[in-house]
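Subject: Structure for you to look at

Hello,

Here is the structure I said I would pass on. Please open it alongside this message, and my notes follow below it.

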Amino acid sequence: MKRIQVINGPNLNLLGKREPTVYGSRGFDDYLEELRRAFPEIQIDYFQSNCEGSLIDKIHEVGYNCDGIVLNAGAYTHTSIALRDAISAVTAPVIEVHISNVHKREEFRHHSFISAVCRGVICGFGLNSYRLAIEALTL
Ligand code: DQA
């Protein structure tokens, strides 16, 4: 069985309550159930943290033994060289995802420190960005 790790970064624990016009009104736990039902042949593990170091620790922990990582690094996307180095260090392919289309938003969201070391980037499809990322990992 394939094992894919979904990692959500800061403030994404507030999905459903946080800026619903940007991120929608659905909580991630509810969406995760749908995601697991959509890919019954894949073990989908989930981790969320608001702390940069904990996200890095999780990438180190799973990045040598899972089949892929779907990472929404939240605002750390635009700030964290440490997260980029963690992605470069591990062997599992990492897909960068964003719920919103960051390129339609403020300029500071247009630059990602992690895109260049990820397998690919999916953004702007709402929560379906995660589903598309898992599909990409199964190609
Ligand atoms: C986000 C976009 C980021 O710019 C923002 O800081 C987030 C969420 C997204 O999923 O659209 O926290 O990664």
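Predicted model: local features only at pLDDT ≥ 70, side-chain atom pairs only at ≥ 80, totals over all residues.

Ligand site

The residues around the ligand are Arg 18, Tyr 23, Asn 72, Gly 74, Ala 75, His 78, His 98, Ile 99, Ser 100, Val 102, Arg 105 and Arg 109.

Helices α3 and α4

Helix α3 spans residues 52-62 and helix α4 spans residues 81-89. Their axes come within 9 Å and cross at roughly 5°, so α3 and α4 are roughly parallel to each other. From α3, the contact involves Glu 52, Leu 55, Ile 56, Ile 59 and His 60, which meet Ala 82, Leu 83, Ala 86 and Ile 87 of α4. Of these contact residues, seven are nonpolar, one is polar and one is charged.

Helices α2 and α5

Helix α2 (residues 28-38) packs with helix α5 (residues 128-138) at an angle of about 30°, and the axes are 10 Å apart. That angle makes α2 roughly parallel to α5, and the crossing of the two is right-handed. On the α2 side, Phe 28, Tyr 31, Glu 34, Leu 35 and Ala 38 meet Asn 128, Tyr 130, Arg 131 and Ile 134 in α5. The residues of this contact comprise six nonpolar, one polar and two charged.

Regards

Key: Residues numbered from 1 in each chain as written. Heavy atoms only, no water. Axes fitted to C-alpha atoms, helices over the stretch in contact; angles between N-to-C directions. Helix = DSSP H or I, 4+ residues; strand = E, 2+ residues; numbered from the N terminus. Parallel < 35°, antiparallel > 145°, perpendicular 65-115°, else oblique. Contact = heavy atoms within 4.5 Å. Nonpolar A, V, L, I, M, F, W, Y, C, P; charged D, E, K, R; others polar. Left-handed = near helix turned anticlockwise from the far one by under 90°. Near = heavy atom within 4 Å.
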